[in-house]
Amino acid sequence: MHVFRRSLRLAGAAVGLALVAGACGYYDDSTEVINPAPPGADASVRGTITYRERIALTPDAVVTVQLRDTTYADAAAVLIAEQIIASPGQVPIDFDVRYPSDEIDDRNTYSVSAVITESDGRMAFTNDTSYDVITRGNPRRVDMTLVMVEPPPELAP
């Protein structure tokens, strides 16, 4: 009976550590979310990021995913929340942008966008398509396909 209780406590501790690691933003050994969710974040937009080119990302690449209010075409899109993922690994890259649901107006339009910046500072990939989310019948999960902005130096003409 003593062995069973000890095993149960160890299993509980392992689950607790896994939950703490997930809350800290670690997806695996190499992927780390380096910015916390905004205060009051109780909802999220999730999905994946990919691109068509057969080019590997460097280990120090950074992915920035932003949720913005894009209602007004003649005004700057207001940033609602963002997620910055350091060392994302290779595509597809999972994201989960947490935001406070009380900042969402059902009458407005919201979009999610992504940029992959390589370790040398160049913007390698971004989206050229609008990915509307949350309101007006749009989903809370999107699979984004990015386009190349600047090729790696070894591939540039």
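# Close-up views of a predicted model

**View 1. The surroundings of Ile-49.** When neighbours within four places in sequence are left aside, Ile-49 is in contact with Val-63, Val-65, Val-91, Pro-92, Ile-93, Phe-95, Ala-114, Ile-116, Met-144 and Leu-146. Pro-92 lies in the loop between β4 and β5.

View 2. A search of the whole structure finds four salt bridges, one of which is formed by Asp-96 and Arg-46, with their closest N and O atoms 3.5 Å apart. This pair links distant parts of the chain, for Asp-96 is in strand β5 (residues 93-99) and Arg-46 is in strand β2 (residues 43-51), 50 residues apart. Arg-46 has a relative accessibility of 45% and therefore counts as partly exposed.

**View 3. The salt bridge of Arg-107 and Asp-105.** In another salt bridge, Arg-107 pairs with Asp-105, and the closest N and O atoms of the two residues are 2.7 Å apart. Arg-107 is exposed, with a relative accessible area of 62%, whereas Asp-105 is partly exposed, with a relative accessible area of 24%.

**View 4. Arg-122 in the loop between β6 and β7.** Arg-122 is placed in the loop between β6 and β7, and its side chain meets that of Asp-120 in a salt bridge (3.1 Å, N to O). The two partners fall in separate accessibility classes, because Arg-122 is buried, with a relative accessible area of 11%, while Asp-120, at 47% relative accessibility, counts as partly exposed. The side chain of Arg-122 also reaches the backbone oxygen of Glu-150 at 2.9 Å. Not counting residues up to four places away in sequence, Arg-122 touches Ile-116, Thr-117, Glu-150, Pro-151, Pro-152 and Pro-153.

**View 5. Glu-118, a buried residue without a salt bridge.** Glu-118 is found in the loop between β6 and β7, and although this residue is buried, it has no salt bridge. The side chain of Glu-118 does make a polar contact with the side chain of Thr-58 (2.3 Å). With neighbours within four places in sequence left aside, the residues in contact with Glu-118 are Ala-56, Leu-57, Thr-58, Ala-61 and Ala-124.

View 6. Strands β6 and β7 pair in the antiparallel sense over three bridges, and they form a hairpin with five residues between them. In the turn of this hairpin, Gly-121 has a positive phi of about 95°. Ile-116 stands opposite Phe-125 in β7, and Phe-125 in turn stands opposite Met-148 in β9. Strands β7 and β9 run antiparallel and are joined by two bridges.

View 7. Ile-134 is placed in the loop between β8 and β9, and its phi is near 75°, a positive value in a residue other than glycine. Arg-136 is found in the loop between β8 and β9 as well, and its phi, near 60°, is likewise positive in a residue other than glycine. The two residues contrast in accessibility, since Ile-134 counts as buried at 11% relative accessibility, whereas Arg-136 counts as exposed at 57%.

Key:
Residues are numbered from 1 along each chain as its sequence is written. This is a predicted model: local features need pLDDT of at least 70, side-chain atom pairs count only at pLDDT 80 or more; totals for chains, interfaces and linings use all residues. Side-chain values use heavy atoms; hydrogens and water are left out. Helices (H or I, at least four residues) and strands (E, at least two) are DSSP runs, numbered from the N terminus. Buried means under 20% relative accessible area, exposed over 50%, partly exposed in between (1.4 Å probe, protein chains only). Contact means heavy atoms within 4.5 Å. A polar contact is a pair of N or O atoms within 3.5 Å; within protein, one must be able to donate a hydrogen and the other to accept it, and residues adjacent in sequence count only if both atoms are side-chain atoms. Lys and Arg count as positive and Asp and Glu as negative; His and the chain ends are not counted. Two strands pair if DSSP finds at least two bridges between them.
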